[in-house]
Amino acid sequence: MLQPRFVKAILKNGEVVKEFPVKVIREQMASPEAVKKMQICLEQVVSIGLGKKAGSKQFHSSGKTGTAQIWTKSGFSTEYLISFAGYFPSENPKYSCIVCIRKTAPASGGGMCGPVFRRVSETVMAQQRNNTYDKARDTVHVLTPKVAAGDLHRAKALADDLKVGVSSNLPESGSAWGSCESGSGVVALNAEAPAAAGRMPDLSGYGLRDAVFRLSIAPGTAVERGASVSLTLANDEAAPQVEKPQPKPEPKEEGAQPENAATLPETPQKPAPKKQQ
């Protein structure tokens, strides 16, 4: 608890003559448990109470609504002094604000002062921008891209453009084909030995562009001029299954019985009784 201070300092010709420092009257107003309970109550006023209109979607606010009837010489008037006093953000309070409005009925502190408090708090918090973008770096998720097997020189050039670490054993000249493994911040490029002359290499795991470029038949199969090549873009098990539409049942004729229906025996009819004369 602080002693009220109306004057911070007295100046004369731009020089400080006397200062009035902050005086602490009481170090702590209540126990930590009581303060914590009060903070929860004030936060719930905005989250689930009458002060919902004072809350923001960007941060949490806490506060209390107020409604007072104005007193005059003739008694209570028809005017009210409504208010909302709060602080933000709730987890680490930096700012406090009170909004007061004098008006006639109807009057609501949360419904009318709350929106003003929200606009003021959002405007103040929007100015608390941080120009240091290092704190915005994602340190939780893996940022190393997954690279498909194929042309390793092209994969290395793309990784260099994205500033991703590369570990490779690529030859300086000539083409290089192989697989790629993504680790923690590094992409390993593993070059494979070239296939034998006249033999088709194994293109499992290659990207579509490289697979079409090299054209695939069974690995190790001799390549013959004019042979047909089939390129499968997904495994049969991984490919989505298309649901076939069920045939609609044919309409049945009136009075027709189903094929599996049991035939009930006919009930014999009793003769009508004769009338006596």
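## Contacts and overall make-up

A contact here means heavy atoms within 4.5 Å. In this predicted model, 40% of the contacts between residues at least 6 apart in sequence join residues at least 24 apart.

The protein has 277 residues, of which 19% are buried. The secondary structure consists of 4 helices and 9 strands. Read from the N terminus, the order of elements is β-β-α-β-β-β-α-β-α-β-β-β-α.

## The N-terminal hairpin

Strand S1 covers residues 9-12 and pairs with S2 in the antiparallel sense, over 4 bridges. Within this pairing, Lys-12 stands opposite Glu-15 of S2. The hairpin has 2 residues between its strands, and Asn-13 takes a positive phi near 55°. Strand S2, residues 15-19, is hardly covered: among its 5 residues the count of buried ones is 0.

A nonpolar surface patch of about 440 Å² is also found in this part of the chain, made by Phe-6, Val-7, Ile-10 and Val-17. Of these residues, Ile-10 belongs to strand S1. Its relative accessibility is 39%, so Ile-10 counts as partly exposed, given that this class lies between the limits of 20% and 50%.

## The four-stranded sheet

An open sheet is formed by 4 strands in the order S6-S8-S9-S7, with mixed pairing. Strands S6 (150-151) and S7 (165-168) are at the edges; each has a single partner strand, so one side of each is left without a neighbour in the sheet.

One of the facing pairs is Ser-167 with Ala-188, the latter in S9. In a regular strand, side chains alternate between the two faces of the sheet.

## Salt bridges

How many salt bridges does the structure hold? There are 2 of them. One joins Arg-102 to Glu-79, with the closest N and O atoms 2.7 Å apart. Arg-102 is in strand S5 (residues 95-104) and Glu-79 is in strand S4 (residues 75-88), so this pair ties together parts that are 23 residues apart in sequence. Arg-102 counts as exposed because its relative accessibility is 56%, whereas Glu-79, with a relative accessible area of 27%, is partly exposed.

The other salt bridge is formed by Lys-156 and Asp-160, whose closest N and O atoms are 3.2 Å apart. Both residues are in helix H3 (residues 152-161); because they are 4 residues apart there, about one helical turn separates them. Lys-156 has a relative accessibility of 30% and counts as partly exposed. Asp-160 is also partly exposed, with a relative accessible area of 41%.

Methods:
Residues are numbered from 1 along each chain as its sequence is written. This is a predicted model: local features need pLDDT of at least 70, side-chain atom pairs count only at pLDDT 80 or more; totals for chains, interfaces and linings use all residues. Side-chain values use heavy atoms; hydrogens and water are left out. Buried means under 20% relative accessible area, exposed over 50%, partly exposed in between (1.4 Å probe, protein chains only). Two strands pair if DSSP finds at least two bridges between them. A salt bridge is a side-chain nitrogen of Lys or Arg within 4 Å of a carboxyl oxygen of Asp or Glu. Patches are made of residues with over 30% relative accessible area and no salt bridge: like charges are joined within 9 Å, nonpolar side chains (Val, Leu, Ile, Met, Phe, Trp, Tyr) within 5 Å. Accessible areas come from the Shrake-Rupley method with a 1.4 Å probe; for residues, only the protein chains shown count as cover.
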